[in-house]
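Here are my notes on the model you sent. They are in numbered points, to be read with the structure open.

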Amino acid sequence: MGSESRDKVIVKTSIIGIVANVFLAAFKAIVGLISNSIAVVLDAVNNLSDALSSVITIIGTKLASRKPDKKHPLGHGRIEYLTAMIVAAIVLYAGITAGIESVKSIMNPETPEYHVAGLIIISSAVIVKLILGIYVKKKGKEVNSGALVASGSDALFDAVISLSVLASAIIFIVWGVSLEAYVGVIISIVIIKAGVEMLMETLDQILGKRVDREIMSKVKKTVCEEPQVMGAYDLIMHDYGPDRYVASVHVEIPDTMTATEIDKLERNIADRVFAEHGVIMTGVGIYAVNTTDDEINALRSEVTHTVMEHEGVLQIHGFHVDKEEKRVFLDIIMDYGMEDRRETFEHICNDLTSAHPEYEWRITPDIDF
């Protein structure tokens with residue numbers, strides 16, 4: 001789906017959410033004020049915050065879709081993450097405000113008065129929110145919009161909240177027990193929790209969290225489909241907004257390839273990765289694999305066996321021997337969960353140096369991307 005089509009879907013879906021939430025907020029506010037129900041009023045405020053979130057989502061989408069310029073050569077896609085932080089702040093504010101008002105109502109209780117029309121409106125709101133949540137979440141997944149997916153999930157959760165308000169109203173009518181303020185506290189806690197989770201998710205994206213393994217696996221598979229590529233490693237993908245990736249990778253190739261052949265290979269990789277995945281490949285690093293020397297091939301097998309015997313080692317790659325300079329190069333990836341990574345790395349270095357002191361060992365502790 002093109003960027004323009006994606007933006008149109010996000011804007012259209014957000015507008016539907018705004019209209020639905022504004023109407024729901026208006027009806028709930030009327031019901032809440034007439035029935036003197038703090039829970040219903042807070043539920044209406046929650047709908048207004050949802051509508052405001054949709055407005056901010058539209059603004060963020062419009063700003064993020066601006067073309068690259070001299071100051072921002074990779075575009076403005078990350079603006080969507082900043083607007084998501086604003087949405088999270090709004091949700092947190094709504095939750096805190098709801099909590100304060102609910103506590104006040106517990107300390108100074110007022111008897112609610114429900115009417116049949118009000119209960120019908122709340123019941124209808126549950127159904128509307130349920131349909132809206134399913135629709136928005138589905139559209140969000142179709143266009144890979146985290147903001148829409150979050151809004152859809154929030155709407156589904158709002159349906160549960162409205163259902164709890166309806167349940168508390170029925171309990172009051174049947175048994176005369178008022179749970180309004182207490183339900184309000186629960187609603188505020190739920191809203192605050194949602195705001196914190198949204199904020200943490202957005203912070204992860206801005207800080208640079210790991211890209212989804214599925215897209216990374218697909219890119220590596222495409223790279224390895226080139227006949228000369230013997231392995232793809234160190235794939236680093238930078239996220240510049242939803243579906244906007246810039247990447248680099250190292251590939252193992254035979255040491256017999258010429259500069260012209262390598263240049264052609266790098267161009268083929270960049271073209272295929274962009275055509276198939278929309279990922280801009282900014283660099284293709286080279287690991288030259290010794291393919292014509294049986295002695296080096298035997299050493300490679302020995303080193304691989306020695307290194308992989310150590311617990312926590314995930315992979316070895318980039319192995320190359322410079323016989324003239326008497327140097328051996330290799331990268332080692334170790335599990336993040338290891339408590340003694342440094343100690344294990346030093347043991348590996350000592351084992352290889354002791355086994356082959358005739359070589360200078362250039363061992364790099366690599367990262368598991």
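Is Trp361 buried or exposed? The model is a predicted one, and the first point takes up this question.

1. Trp361 has a relative accessibility of 13%. The cut-off for buried is under 20%, so Trp361 counts as buried. Tyr359 also falls under that cut-off, with a relative accessible area of 9%, and is therefore buried.

2. The structure contains one aromatic pair. Its members are Tyr359 and Trp361, with ring centres 6.4 Å apart and planes at 75°. The pair is edge-to-face, because planes over 60 degrees apart are put in that class.

3. Three strands make up an open sheet with mixed pairing, in the order 4-5-6. Strand 4 (313-322) and strand 6 (360-366) are the edge strands, each pairing on one side only. On average, neighbouring strands of this sheet are turned by 15° against each other, direction ignored.

4. Which sense does the pairing of strand 4 and strand 5 have? Strand 4 and strand 5 (residues 327-334) are antiparallel, and seven bridges join them. Asp322 stands opposite Arg327, a residue of strand 5.

5. Two helices pack on the sheet. Helix 9 (residues 294-308) touches strand 4, strand 5 and strand 6, and its direction makes about 155° with that of strand 4. Helix 10 (residues 341-355) likewise touches strand 4, strand 5 and strand 6. The direction of helix 10 makes about 155° with that of strand 6.

6. How do these helices meet? Two packed helices are described by the angle between their axes and the distance between the axes. For helix 9 and helix 10, the axes come within 10 Å and cross at roughly 145°. The crossing of helix 9 past helix 10 is right-handed.

7. Which residues of helix 9 and helix 10 make the contact? Helix 9 contributes Glu302, Val303, Thr306 and Val307, while helix 10 contributes Ile348, Asp351, Leu352 and Ala355. Sorted by class, the contact has five nonpolar residues, one polar residue and two charged residues.

8. A last point concerns a residue in another helix. Thr202 is found in helix 6 (residues 180-207). Its relative accessible area is 4%, so Thr202 is buried. Leaving aside residues up to four places away in sequence, Thr202 touches Tyr81, Ala84 and Met85.

Conventions
Residues numbered from 1 in each chain as written. Predicted model: local features only at pLDDT ≥ 70, side-chain atom pairs only at ≥ 80, totals over all residues. Heavy atoms only, no water. Pairing = 2+ DSSP bridges. Helix = DSSP H or I, 4+ residues; strand = E, 2+ residues; numbered from the N terminus. Axes fitted to C-alpha atoms, helices over the stretch in contact; angles between N-to-C directions. Contact = heavy atoms within 4.5 Å. Left-handed = near helix turned anticlockwise from the far one by under 90°. Nonpolar A, V, L, I, M, F, W, Y, C, P; charged D, E, K, R; others polar. Phe/Tyr/Trp six-rings, centres within 6.5 Å; stacked < 30°, edge-to-face > 60°. Buried < 20%, exposed > 50% of the residue type's maximum accessible area, 1.4 Å probe, protein only.
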